[in-house]
Amino acid sequence: RLYKGEVTPEKFIDEEDIKANMIEQPNRLELEIKTLTFGLFVYYTYVGETAKANEQLLKIALSKPSAAFGFIKASQLAKARGLL
C-alpha cells in the first residue's frame with residue numbers, strides 16, 4: 001500500500017490497526033512495529049530519502065534489543081553507516 005501511494009509514510013504504522021489484526025503474543029506489538037519501521041527504512045532508501053531512512057534505522061537500533069530480523073539487520077546497517 002505504501003509503494004502504491006495508498007497510504008503515506010506517516011500513516012503507515014497504525015498501532016490500532018496492528019492491535020486489531022495481530023496474533024496475541026507477548027511483545028507482539030513491538031515486533032510488528034519494528035518490522036514495519038524496517039519497511040519504512042527500505043521505502044525511504046528506495047525513494048532516495050537517506051536522512052529519513054537513517055532515522056528509521058536509529059528508531060529500531062536504539063529500541064529494546066530483540067532477536068527479530070528487523071532489529072538485527074537495522075543494528076548492523078546503523079553501525080555500517082556510522083550512525084551508532
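Student: Which residues touch the most other members of the largest nonpolar core?

Tutor: In this predicted model, the largest nonpolar core holds 14 residues. Helix 2 (28-46), helix 3 (50-61) and helix 4 (69-80) are the elements that each give two or more residues to this core. The members that touch the most others are Leu2, Phe38, Phe41, Tyr44, Leu57, Ile60 and Ala74.

Student: Which element gives the largest share of this core?

Tutor: Among the elements that give two or more residues to the core are helix 3 (50-61) and helix 4 (69-80). The largest share, however, amounts to five residues, and these come from helix 2.

Student: Why are helix 2 and helix 4 described as oblique to each other?

Tutor: The axes of the two helices, helix 2 and helix 4, come within 8 Å of each other and cross at roughly 40°. Angles under 35 degrees would count as roughly parallel, and 65 to 115 as roughly perpendicular. The crossing angle of roughly 40° therefore makes the relation of helix 2 to helix 4 oblique.

Student: Which residues of helix 4 are met by residues of helix 2?

Tutor: By class, the contact between these helices has six nonpolar, one polar and two charged residues. From helix 2, the residues taking part are Lys34, Phe38 and Phe41, and they meet, in helix 4, Phe69, Gly70, Phe71, Lys73, Ala74 and Leu77.

Student: Is Thr37 buried or exposed?

Tutor: Thr37 lies in helix 2, and it touches Ile13, Gln56, Lys59 and Ile60, leaving aside residues up to four places away in sequence. Its relative accessible area is 6%, and since under 20% counts as buried, Thr37 is buried.

Conventions
Residues numbered from 1 in each chain as written. Predicted model: local features only at pLDDT ≥ 70, side-chain atom pairs only at ≥ 80, totals over all residues. Heavy atoms only, no water. Core = buried A, V, L, I, M, F, W, Y, C linked by side-chain atoms within 4.5 Å. Buried < 20%, exposed > 50% of the residue type's maximum accessible area, 1.4 Å probe, protein only. Helix = DSSP H or I, 4+ residues; strand = E, 2+ residues; numbered from the N terminus. Axes fitted to C-alpha atoms, helices over the stretch in contact; angles between N-to-C directions. Parallel < 35°, antiparallel > 145°, perpendicular 65-115°, else oblique. Contact = heavy atoms within 4.5 Å. Nonpolar A, V, L, I, M, F, W, Y, C, P; charged D, E, K, R; others polar.
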